[in-house]
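Please look over the sequence and the model shown below before reading on.

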Amino acid sequence: MTGGAYGARQRDGRSGGRPTWAEELLGHLRPAGRDVRRVVAWLAGAAQATVALQDADGTLLAGTGLPLREDLVADVAARRIASAAWDGDGRHLRLIRVEHPARPCVLAVSRATPFDRHASDVVTHTAQVLELLLAAHESAAAGHRLRRATSDLRLAILQLLMVEDTVAARRVAAGFWPGLLDTDTTYVYVVETGPGERDRLAEECLDATREEALVVRCPAMDGHVIVVAPREATNDALRSLVGRHPGTFLGGSLRQNLARTATAYGQAVSALAVARFRPDKTAVYAERTHPERLMDPRALRDWTARVLRPLDTLPHHTRAELLATTRLGLEFTAVNAAKVLGVSRNTVRARMERVEALLRTDFSDLTVRAVVHLALNTQVGLPDGPPDADSARLAPGLADLPAGPAVRTWARDLLGRLDTDARNTRRTLRAWIAAGGNAERAAQTLGVHAQTVREHVRSAEPVLERRLLAAGTDLYEVVLAHLVAGDLGRPVLPGVGEPSAPGTNSGHPDSSVHG
């Protein structure tokens with residue numbers, strides 16, 4: 001643009017080091033200045049004209065609308081003529097075609113004075129710059145649409161895994177990332193950063209894993225990136241990434257069956273809470289003694305089949321949908337479960353209410369939630385179909401299932417950690433659970449302030465090594481410990497053994513739970 005005799009005259013004629021019009025125009029191609037509207041506005045000032053950039057249909061893209069002859073605009077846009085110019089009504093008008101990847105555009109420039117060499121050159125070169133910017137914008141927009149579509153596809157695959165539809169998840173993944181889910185087991189990681197940094201972090205996770213993992217921007221938490229990785233080597237790659245970025249944390253699950261992706265995700269979230277307090281900012285879910293592992297496997301499976309038997313009359317896909325949704329709904333809030341599943345929160349609540357109705361119970365009762373959560377997580381490993389009639393008839397009730405000495409020892413040892421606290425946090429925790437996790441109701445029972453209840457529950461978390469103020473596996477294990485230890489009355493689950501009378505399992509009248 002600055003070459004030739006005219007460019008030389010411009011360089012010779014600059015005043016006081018002031019940039020020439022060509023240098024100003026080139027400045028609009030710098031990364032910080034690539035804005036079509038700004039270029040059109042600059043042209044209006046440089047040419048002392050009214051300028052409009054529009055498409056062939058007359059839609060204004062930038063500048064100020066001008067009354068134009070539609071036949072001339074159509075001829076220029078269709079390349080029947082390269083440009084057009086006419087004078088009349090006290091104005092001088094130029095029309096120039098501007099190439100656009102998606103649709104032809106026309107640049108219209110109207111002046112009160114005739115176009116001299118300077119004005120013509122400015123208009124011609126500005127049209128060239130606009131073509132470059134429009135092409136760049138279209139390319140960037142196409143790239144953004146592709147990245148968005150790919151991101152949405154990854155989320156859809158994760159949502160299928162979350163509801164245990166591994167067949168559909170593999171089918172979708174195979175068309176775009178062959179071999180990604182050709183495995184029976186996987187790890188899940190959650191990487192946390194500030195919401196404003198998440199997109200960059202997600203791209204770095206893709207690079208670090210060489211796209212050999214499913215990398216998803218968490219739909220529920222703005223600062224989280226979820227990584228489903230079949231290969232153990234992904235752990236080292238993500239640890240290295242986190243180590244390079246301040247304010248970034250990593251939580252990882254144990255290896256889980258692909259159908260238990262939701263369980264692995266819960267483990268990764270729990271590990272993330274620990275990672276925030278570690279020097280290396282990373283943590284893997286710590287394997288610990290879970291109560292179900294201390295129970296007789298056959299008895300636990302039979303009991304689970306009996307608890308969930310009311311759902312066996314449903315069509316297979318409906319039953320699977322209700323079970324998967326309820327499992328996530330008990331693990332997270334309804335809002336977050338809805339985001340993970342890609343449905344509305346009302347859909348999550350409606351499905352859980354249907355399960356409540358079929359089980360004839362109430363999920364507002366924490367003991368019910370804990371027992372059903374145990375059954376749902378055990379059910380993941382059960383074969384499809386109704387249980388054997390004899391096993392269903394002989395299945396032990398809730399009173400019999402955890403009665404083994406190993407489970408009782410586990411419960412006694414876990415809750416016994418609180419006995420050294422002079423504030424009697426064990427009593428507070430028991431009352432809080434009995435009140436459905438409601439600090440105000442628990443405070444009324446105990447005759448203390450609600451904030452005191454919250455502080456006691458919060459202080460019990462590091463002692464028990466479990467999160468209590470958020471729904472999930474940690475809380476439900478503590479609830480089960482209270483049930484096994486007899487600190488709380490058993491919940492009402494029709495068909496699964498008779499519930500104890502209020503207070504029978506505890507010497508504390510305020511701790512009995514009514515379903």
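## A buried aromatic pair

Are Y265 and F332 buried or exposed? In this predicted model, both Y265 and F332 are buried. Their ring centres lie 5.2 Å apart and their planes stand at 50°, so the two rings form a tilted pair. Y265 belongs to helix α9, which covers residues 261-275, whereas F332 falls in the loop between α11 (316-331) and α12 (334-341), so the pair ties together parts that are 67 residues apart in sequence.

## Overall make-up

The protein chain has 515 residues, of which 49% count as buried, and it contains 20 helices and 11 strands. Among the contacts in the chain with a separation of 6 or more, 62% are accounted for by residues 24 or more positions apart.

## Other aromatic rings

The search of the whole structure finds three aromatic pairs. One of them is formed by F176 and W177, whose rings are tilted at 45° between the planes and lie 5.9 Å centre to centre. The two partners can also be described by their accessibility: F176 counts as exposed because its relative accessibility is 55%, while W177 is buried, with a relative accessible area of 13%.

## Salt bridges

Side chains of opposite charge can pair when their charged atoms come close. In this model, a search of the whole structure finds 22 salt bridges. Four residues, E197, R200, E204 and R244, are linked in a network of such bridges.

R244, with a relative accessible area of 51%, is exposed, since exposed means over 50%.

A further salt bridge joins R454 and E440, with 2.5 Å between the closest N and O atoms. This pair too links distant parts of the chain, R454 being in helix α19 (residues 450-464) and E440 in helix α18 (residues 439-446), 14 residues apart. R454 is partly exposed at a relative accessible area of 27%, and E440 also counts as partly exposed, at 39% relative accessibility.

## Where two helices cross

Helix α19 also meets helix α17 (residues 425-434), and the axes of the two helices come within 9 Å and cross at roughly 110°. Because angles of 65 to 115 degrees count as roughly perpendicular, α17 is roughly perpendicular to α19. On the side of α17 the contact is made by T425, T428, L429 and W432, and on the side of α19 by V453, H456, V457, S459 and L464.

## Two residues with positive phi

N424 lies in the loop between α16 (405-416) and α17, and its phi is positive, at about 60°, although N424 is not a glycine. N424 counts as partly exposed, with a relative accessibility of 39%.

E465 is placed in the loop between α19 and α20 (473-485). The phi of E465 is near 60°, which is a positive value in a residue other than glycine. At 55% relative accessibility, E465 counts as exposed, because exposed means over 50%.

## A buried threonine

T326 is part of helix α11. With a relative accessible area of 1%, T326 is buried, because buried means under 20%. Apart from its neighbours within four places in sequence, T326 is in contact with R351, M352, V355, F363 and L376.

Terms used:
Residues numbered from 1 in each chain as written. Predicted model: local features only at pLDDT ≥ 70, side-chain atom pairs only at ≥ 80, totals over all residues. Heavy atoms only, no water. Phe/Tyr/Trp six-rings, centres within 6.5 Å; stacked < 30°, edge-to-face > 60°. Buried < 20%, exposed > 50% of the residue type's maximum accessible area, 1.4 Å probe, protein only. Helix = DSSP H or I, 4+ residues; strand = E, 2+ residues; numbered from the N terminus. Salt bridge = Lys/Arg side-chain N within 4 Å of Asp/Glu carboxyl O. Contact = heavy atoms within 4.5 Å. Axes fitted to C-alpha atoms, helices over the stretch in contact; angles between N-to-C directions. Parallel < 35°, antiparallel > 145°, perpendicular 65-115°, else oblique.
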